[in-house]
Amino acid sequence: MRTARDLSLIAFILVAACTTDRTRRAYLRDNAAFHPQPERAVIVIPGFGVTRLFDPLTRRHVWGTPRATMHTRYDDDLDLPSDGRSRDRLIPHGYVGSRGPVNVGWQLTEALRRYGGYIEHRDVHPFYYDWRLSALENARSLEEMAARVSRGGKVDLLTHSAGALVALAWIKLGDGGDRVDRLVMIAPPRRGVVDALRIFVRPERFLRRSFTPAIVATWPAVYELLPDDGRFVIGSDGEPADFDAWRAETWARLGAAARPDVRLLREARTFRDRLEAAPMPPGVRATILAGDCVPTARRVLFRDDGSFAFYRDELRGEEEHLRPLLFEDGDGTVPVSSAQGGSEALLFCDGHQGIATDPNVHRAILRALR
């Protein structure tokens, strides 16, 4: 008969033998010494909101620093001009925040440096871009950057979240098909996400700063993130609501705090249709990595009292039967079906931000790039 001491020793041995994330990172560091120098430069394209925005006139950041989340008024704020111009004077200027999970651009760059032998600004390059703008406009900036860092050959692209739309816009609708070898997309919202509607009806708040619906309505990028099937809102009876996200006249029925810009909505629909119709160029080798552990909204509940349920914990007791209609496996932001977009994906048990810090994902990235 085993004693308590024996059982404690066995438990200790089993725990010590477990492969933790710390152990996996150690394995990756040990293997890094045997990697040859990368053949191609990699450009890292993070998602929505990750790049800081800087006002060159006042020489202050308007987004992406602690100060920018505490102050609420700026000479040139985050709303884009409504007079038909696509830009204001704000410019991309580094990544948001510290070296934490929010800073996905840094997380991915650091993973390539530590575990793949990539040298920053030689083999791996951060792409700072204005995430408010259309994917096509940012694709032009990406093309210019690729010409600078490509060493005269092709480049690889590593994207997270909405950064995938910028990469796909360049590859499928621009000249990127001849300039890109490997494309690795982490949690790409290829079929859209219902979060794009959420920030129209429920402002996103960061300490004292908010993405108000009136500001968001000026950003082309948000319209491009709406789900392909615009009829993703259901009522308490489980039937589709009288709403189509791609028809501006139906938005008033949801009581949205801001009405969509009709021109931006039309342009986003055209962009998404073109992106879906264009084939992936045969020379581009694409890999999709996605999370599948978190119930993720594919539809939104709009109640008779005018409130919404975007997340599972927002459902009321009598609404639990709607869960299969509202949610599917995903990462909490991007459903698996949206990430796959009709293709196959490597699936990991991670959330939308955490997937960029997962050593198993880092290993998959290195395999895809090498």
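Contact means heavy atoms within 4.5 Å, and this definition applies to every view below. The model is predicted: local features need pLDDT of at least 70, side-chain atom pairs count only at pLDDT 80 or more, and totals for chains, interfaces and linings use all residues. Residues are numbered from 1 along each chain as its sequence is written, and side-chain values use heavy atoms, with hydrogens and water left out.

**View 1. The packing of helix α5 on helix α6.** Residues 135-149 form α5 and residues 163-173 form α6; helices (H or I, at least four residues) and strands (E, at least two) are DSSP runs, numbered from the N terminus. From α5, the residues A135, L136, N138, A139, L142, E143 and A146 meet L165, V166, A167, A169, W170 and L173 of α6. These residues divide into 11 nonpolar, 1 polar and 1 charged, where Ala, Val, Leu, Ile, Met, Phe, Trp, Tyr, Cys and Pro count as nonpolar, Asp, Glu, Lys and Arg as charged, and the others, Gly among them, as polar. The axes of α5 and α6 are 8 Å apart and the packing angle is about 75 degrees. Helix α5 is therefore roughly perpendicular to α6. Axes are lines fitted to C-alpha atoms, for helices over the stretch in contact, and angles run from 0 to 180 degrees between N-to-C directions. Angles under 35 degrees count as roughly parallel, over 145 as roughly antiparallel, 65 to 115 as roughly perpendicular and the rest as oblique.

**View 2. The crossing of helices α4 and α13.** The axes of α4 and α13 (residues 359-369) come within 10 Å and cross at roughly 75 degrees, which means that α4 is roughly perpendicular to α13. Helix α4 contributes L108, A111, L112, Y115 and G116 to the contact, and α13 contributes H362, I365, L366 and L369. The contact residues comprise 7 nonpolar, 2 polar and no charged.

View 3. A356 is located in the loop between β16 (346-348) and α13. Its relative accessibility is 0%, so A356 counts as buried; buried means under 20% relative accessible area, exposed over 50%, and partly exposed in between (1.4 Å probe, protein chains only). Neighbours within four places in sequence aside, A356 is in contact with V104, Q107, L108 and H362. Of these, L108 and H362 also take part in the contact between α4 and α13.

View 4. V96 lies in the loop between β4 (91-95) and α4 (104-116). With a relative accessible area of 13%, V96 is buried. Beyond its neighbours within four places in sequence, V96 is in contact with G49, V50, T51, R52, W63, G64, V102 and N103. The C-alpha atoms of V96 and E204 are 16 Å apart in space, while the two residues are 108 residues apart in sequence.

**View 5. R303 between strands β13 and β14.** The loop between β13 (300-302) and β14 (308-309) holds R303. R303 counts as buried, at 5% relative accessibility. Setting aside neighbours within four places in sequence, R303 is in contact with S236, F308, A309, E314, L315, R316 and E319.

**The chain that surrounds these views.** The secondary structure comes to 13 helices and 16 strands. Buried residues make up 54% of the 370 residues. Among contacts between residues at least 6 apart in sequence, 73% join residues at least 24 apart.
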